[in-house]
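Here is a set of questions and answers for reading one protein model. Keep the structure open while you work through them.

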Amino acid sequence: MMMMRAITMIVLTGIPKARGFDYAFKDADSTDINTYGSQEARKMEDASIKCEANTMSHEEEEPDTSISGQISVNEFSCHCCYDILVNPTTLNCGHSFCRHCLALWWVSSKKTECPECREKWEGFPKVNILLRDAIEKLFPDAIKQRVEDIQQNSDVAHSLAAFQKYGNNQISVAPHSGRANQQRGGGFFSGVLTALTGVAVVLLVYHWSSRESEHDLLVHKSVARWTAEEVILWLEQLGPWASLYKEKFLSERVNGRLLLTLTDEEFSKIPYSIENSSHRKAILMELERVKTLGVKPPQNLWEYKAVNPGKSLFLLYALKSSPRLSMLYLYLFDYAETFLPFIHTICPVQEDLEEDIITKLLDLKDPSWKQWREFLVKYSFLPYQLIAEFAWDWLEVHYWTSRFLIVNAMLLSVLELFSFWRIWSRSELKTVPHRMWSHFWKVSTQGLFVAIFWPVIPQFICNCLFYWALYFNPIINIDLVVKEVRRLETQVL
């Protein structure tokens, strides 16, 4: 049986067949089997049976050294080092090289092509296991000596490590299997992405079609110039409870000038008759903010974007790429205006239910230790969940936009989990501090660059970037998650 295995390996590795077959059948008393016509098929079968019986009977008489004596080491030589193949790696073109030779070639040339015929390879080359096992069985001593020599060469070790790192960053999918995967899953995912893209385009067209009224928003209009209808609009945005007093303000034709003169005592008397003290307090506190600013303070995403176009664009991109750094920035530099409403929304305090939520949001206090504890846990492990919870709280105001934000936060959480898993599986935990510093430096540089050139950037470009990050980034992230899942499946297989 040893002889039959040798014959099989000879055929697989491309050794001339005539020499192998002549040696294998030299002691066999059989007819000529070199002709494979239909008339000699029966004779071939009988000869093969006799040959196998002869081989088994003489198995102990023929030593293993005779096999290697007929098969030369030169038949298994690498065309880079011209020595016996060690961990032979076969490329798409069919040429095989020592893996460390291929790594040295790639490190020196940075080319993904065959060193011999210059044909580019696809994917990441893998070790030819069948060829490697055959060589190790035929020439164990030569392989052992070569491996010892290679292990003593530090340049080879560094080249192999760099080559493997390059391979880990590639999607190791063979061309045919890649196309098959696209045919199996591409239709579904392309349909989903197309549908989401359509929804995003509709929302984008809707917001752009209403951009003419952006300059007429109350956040840009002095309160003294408000009409009675605009005062009602301001009142309705305080909450559902404010609709109780809508008719009374309309009947009195309360405009902006009159609104600025109203006091707590006047609100409690006829014709307004606001008997609920918490409602009066909420109206008066918001009215004080209006008097201080001279305009209506922003109370939704579009009003905030109209008042702070630069900051809204910065927060949108920063929370996507660096949620932890962005929240730290808000705490340090925008505590009262942005961070306090944010933390009170995602980590609410369980207080008396009779207290109106509007009153609590208008009279924000410093977070309690319980709120800080809940926030820090989510901040450390699930920062994107904080964004999703904040968007969830605004579902009634921004129905579709909040859903896009929630989906995007979930996808970003999955991508972050994949990144951590990749670092863990590659045993690269020691590189985390360096990665964090590099990321911090990159984000800081980009932020400084945008701050310098912000005055000269056209508003149209800013709007395009804003809506792209808001509606199209979730679609892109869906595709990234699908690619990561396929890469994980490939690594498992």
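The questions below go through helix contacts, aromatic rings and some backbone details of this predicted model.

Q: How are helix α16 and helix α17 oriented to each other?
A: Helix α16 covers residues 309-321 and helix α17 covers residues 323-333. Their axes come within 5 Å and cross at roughly 135 degrees. Angles over 145 degrees count as roughly antiparallel and 65 to 115 as roughly perpendicular. The two helices α16 and α17 are therefore oblique.

Q: How many nonpolar residues does the contact of α16 with α17 have?
A: From α16 the contact takes F314, L315, A318, L319, K320 and S321, and from α17 it takes P323, S326, M327, Y329 and L330. Sorted by class, the contact has 2 polar residues, 1 charged residue and a nonpolar group of 8.

Q: What kind of aromatic pair do F342 and F390 form?
A: F342 lies in helix α18 (residues 335-346) and F390 in helix α21 (residues 383-392), so the pair links distant parts of the chain, 48 residues apart. The centres of the two rings, F342 and F390, are 5.3 Å apart, with 45 degrees between the planes. An angle under 30 degrees would count as stacked and one over 60 as edge-to-face. The pair of F342 and F390 is tilted.

Q: Is F342 buried or exposed?
A: The relative accessibility of F342 is 10%. Buried means under 20%. F342 therefore counts as buried.

Q: Which residue lies over the face of Y399?
A: Two cases of a residue over a ring can be set side by side. K110 lies over the face of W106, at 4.0 Å from the ring centre. In the case of Y399, the distance from the ring centre is 3.8 Å and the residue is R403.

Q: Which residue is joined to P271 by a cis peptide bond?
A: P271 sits in the loop between α13 (264-268) and α14 (277-293). The omega angle of the cis bond is about 15 degrees, and the partner of P271 is I270.

Q: What is the phi of S273, in the loop between α13 and α14?
A: S273 counts as partly exposed, at 22% relative accessibility. Phi of S273 is positive although the residue is not glycine, with a value near 50 degrees.

Q: Is Y82 buried or exposed?
A: Y82 lies in the loop between α4 (65-70) and β1 (88-90). Phi of Y82 is also positive, near 55 degrees. The relative accessibility of Y82 is 65%, and the cut-off for exposed is over 50%. Y82 therefore counts as exposed.

Terms used: Residues numbered from 1 in each chain as written. Predicted model: local features only at pLDDT ≥ 70, side-chain atom pairs only at ≥ 80, totals over all residues. Heavy atoms only, no water. Axes fitted to C-alpha atoms, helices over the stretch in contact; angles between N-to-C directions. Helix = DSSP H or I, 4+ residues; strand = E, 2+ residues; numbered from the N terminus. Parallel < 35°, antiparallel > 145°, perpendicular 65-115°, else oblique. Contact = heavy atoms within 4.5 Å. Nonpolar A, V, L, I, M, F, W, Y, C, P; charged D, E, K, R; others polar. Phe/Tyr/Trp six-rings, centres within 6.5 Å; stacked < 30°, edge-to-face > 60°. Buried < 20%, exposed > 50% of the residue type's maximum accessible area, 1.4 Å probe, protein only. Lys NZ or Arg CZ within 6 Å of the ring centre and 35° of its normal.
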